[in-house]
Amino acid sequence: MRTQHQDTATEQPPPQTELFERSVPQVGLLSRIRSTTGQQARELWLGALGRVPGLSNVVNRPEARPLRSSSVRMFRWGQAPYGTAEKPESLAEIPWDYIKANEDDIPFLGLREYWYPALKSGQLRHNESRPVTLLGDNIVLFRAADGTARALENRCPHRSALLSLGQVGAYEAGTITCRYHGMTFDGEGSCVAYLADGPDSPAIGKVRARSYPVEEHAGIIWVYMGHNQPSSLLDSQPHARSVLGQRSLIVQHMELPFSHLNMLDNATDLTHVGCLHRTCLLFGSQRPFGEIECEERGPTGLRASYTQAGEHPGKLHIDHVEWYLPNVVYHAPGDLGAGLGEGWFWFVPRDVGSFTAWLIIGGDQSGGPVRRAVTTRLARILTGSLFSRRLGPTTLVSCLLGGDVPMQASQGRVARWDTDRLARGDRSVARARRMVQEAHRAEVAERKRRDSGRSARTTKRGARAEQS
Ligand code: FES
Ligand SMILES: [Fe+2]
């Protein structure tokens with residue numbers, strides 16, 4: 001007797017193009033809705049049928065089915081703990097050897113000479129401090145007496161206790177006092193009092209905590225992480241004035257447990273959209289493949305697009321991406337649809353294995369004030385629930401948390417540039433990697449020059465002190 005398997009094996013295999021088209025057919029909006037909502041039901045139904053004696057042969061057999069987004073399954077995987085074959089513990093480990101060997105070539109902790117969003121303005125009240133981690137630096141934010149936001153290294157210069165455990169305003173309004181022995185700093189990091197050492201403490205005016213430049217624009221507190229004197233965010237980051245100058249902004253942020261470099265690849269990669277998101281509601285009318293071309297956008301940006309941009313079968317697709325150093329995706333007016341304005345996605349490294357994703361987009365800029373208020377509010381609610389991960393696994397809009405996030409988590413805490421096999425479709429990914437590498441190498445070279453100058457000066461001072 002011939003088995004079903006033998007029957008399948010003797011069939012003529014379809015030619016490659018036919019197989020290809022069968023795997024990634026165009027999917028209309030209705031079938032995407034059916035695919036997303038019906039997926040769980042189908043799995044349950046087939047599982048139950050498979051347990052019925054005599055029926056398991058009918059449902060449990062090899063079958064070719066078109067590629068789907070499976071965002072429900074992806075979402076569940078993203079939420080599941082590590083430590084199983086499906087989600088190995090090793091993915092959660094930071095590959096320190098690889099990082100140590102490549103740290104001068106790859107910016108695992110991001111690029112330093114840039115402004116980064118640190119907190120929403122409303123998250124920093126008077127007389128309080130907030131700790132943040134940016135690019136591996138622990139920073140404490142608080143407000144000076146005039147209300148301006150200030151940023152110091154979150155470490156007391158006396159004996160290294162966290163300043164964020166201290167008190168703002170204990171000595172004077174707008175100063176921060178370390179709780180351990182009362183060393184107190186103003187917003188510039190100058191020691192203005194040392195409570196455990198008396199009013200005549202010699203530390204006053206001499207000891208300094210490291211401070212960072214801070215600006216506040218459009219309800220966001222920005223911190224400059226570099227060594228050099230910065231120009232304002234508005235003058236240095238492309239599109240800053242137009243994005244932050246919009247009449248209403250939607251601002252959300254979310255921490256993600258893998259490197260900003262995993263996100264860098266994703267942000268500049270158009271080719272995954274027609275594959276990973278192919279039955280997802282937001283981008284499902286994507287052309288499944290195509291040639292990618294790249295062009296520069298000034299010295300710090302690139303625009304990647306499909307050369308066959310007009311050939312998507314529906315509106316919900318992404319046919320280009322505009323990206324800038326340090327790791328920012330820019331959406332021009334009209335890109336995001338629904339009347340939304342210009343937008344930014346900022347990917348801000350926290351440490352080598354995690355980053356904060358910031359969404360900063362203009363609310364509805366069209367129509368009358370009522371429509372603008374309603375649609376902007378709706379967009380805030382939708383993005384807020386996405387960014388706070390409150391959406392359940394049955395959500396219809398899990399393109400991000402049921403797609404990009406699990407894929408990047410599955411690459412490991414830090415994706416491996418040393419073993420990755422980039423292919424033809426990765427033209428824009430390779431270009432973006434090269435841009436951050438070149439900027440990083442320049443920063444490393446400058447730091448080494450500075451460090452060697454400093455150690456030469458220290459040696460000279462030491463020699464003079466010995467002679468005197
Ligand atoms: S450790 Fe901060 S005052 Fe002593
Ligand atoms: Fe994606």
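Biologist: In what order do the 4 strands of the open sheet come, and is the pairing parallel or antiparallel?
Modeller: In this predicted model, the order is β2-β3-β4-β9, and the strands pair in an antiparallel manner.

Biologist: Which are the edge strands?
Modeller: They are β2 and β9, the latter covering residues 211-212. Each of these two pairs on one side only.

Biologist: How many bridges join β4 to β9?
Modeller: There are 2 bridges between β9 and β4, which consists of residues 149-153. Within β9, Y212 is the bridge partner of A151.

Biologist: What holds paired strands of a sheet to each other in general?
Modeller: Strands of a sheet pair through backbone hydrogen bonds, in either a parallel or an antiparallel way.

Biologist: Let us step back to the whole chain. How many helices and strands does the protein chain have?
Modeller: The secondary structure comes to 13 helices and 18 strands. The C-alpha trace spans about 100 × 60 × 50 Å along its principal axes. Of the 468 residues in the chain, 32% are buried.

Biologist: Into which domains is the chain divided?
Modeller: Domain 1 covers 27-66, domain 2 covers 116-217 and domain 3 covers 232-442.

Biologist: What does the UniProt record say about residues 115-223?
Modeller: The unreviewed UniProt entry annotates this span as "domain: Rieske". In the model, residues 115-223 are 0% helix and 41% strand, and the end C-alpha atoms of the span lie 5 Å apart.

Biologist: How many residues of domain 2 are in contact with domain 3?
Modeller: There are 9 residues of domain 2 in contact with 11 residues of domain 3. On the domain 2 side, β1 (115-120), β2 (129-134) and β10 (214-217) each supply at least two residues. The largest share, 3 residues, comes from β1.

Biologist: Which residues have the most contacts inside the largest nonpolar core?
Modeller: They are Y116, L134, L141, V223 and I360, in a core of 84 residues. The core lies between domain 2 and domain 3, because both give residues to it.

Biologist: V223 is in that list. Which residues does V223 touch?
Modeller: Not counting residues up to four places away in sequence, V223 touches W115, Y116, A118, L134, I139, A151, Y212 and V214.

Biologist: Now the loops. Where does L325 lie, and is L325 buried or exposed?
Modeller: L325 is in the loop between β15 (320-324) and β16 (328-331). It counts as buried, because it has 22 C-beta neighbours inside 10 Å, and the threshold for buried is 20 or more.

Biologist: Which residues are in contact with L325?
Modeller: Leaving aside neighbours within four places in sequence, L325 is in contact with L111, T300, M435, V436 and A439. L325 and Y114 are 211 residues apart in sequence, yet their C-alpha atoms are 8.5 Å apart in space.

Biologist: What about P299: buried or exposed?
Modeller: P299 has 10 C-beta neighbours inside 10 Å and therefore counts as exposed. P299 lies in the loop between β13 (292-297) and β14 (301-306). The C-alpha atoms of P299 and M435 are 9.4 Å apart, although 136 residues separate the two in sequence.

Methods. Residues numbered from 1 in each chain as written. Chains lettered and ligands numbered in written order. Predicted model: local features only at pLDDT ≥ 70, side-chain atom pairs only at ≥ 80, totals over all residues. Domains from an automatic or database assignment. Contact = placed C-beta atoms within 7 Å. Pairing = 2+ DSSP bridges. UniProt positions renumbered as here; feature names shortened; annotations may be inferred. Core = buried A, V, L, I, M, F, W, Y, C linked by C-beta atoms within 7 Å. Buried ≥ 20, exposed ≤ 12 C-beta atoms within 10 Å, placed from the backbone.
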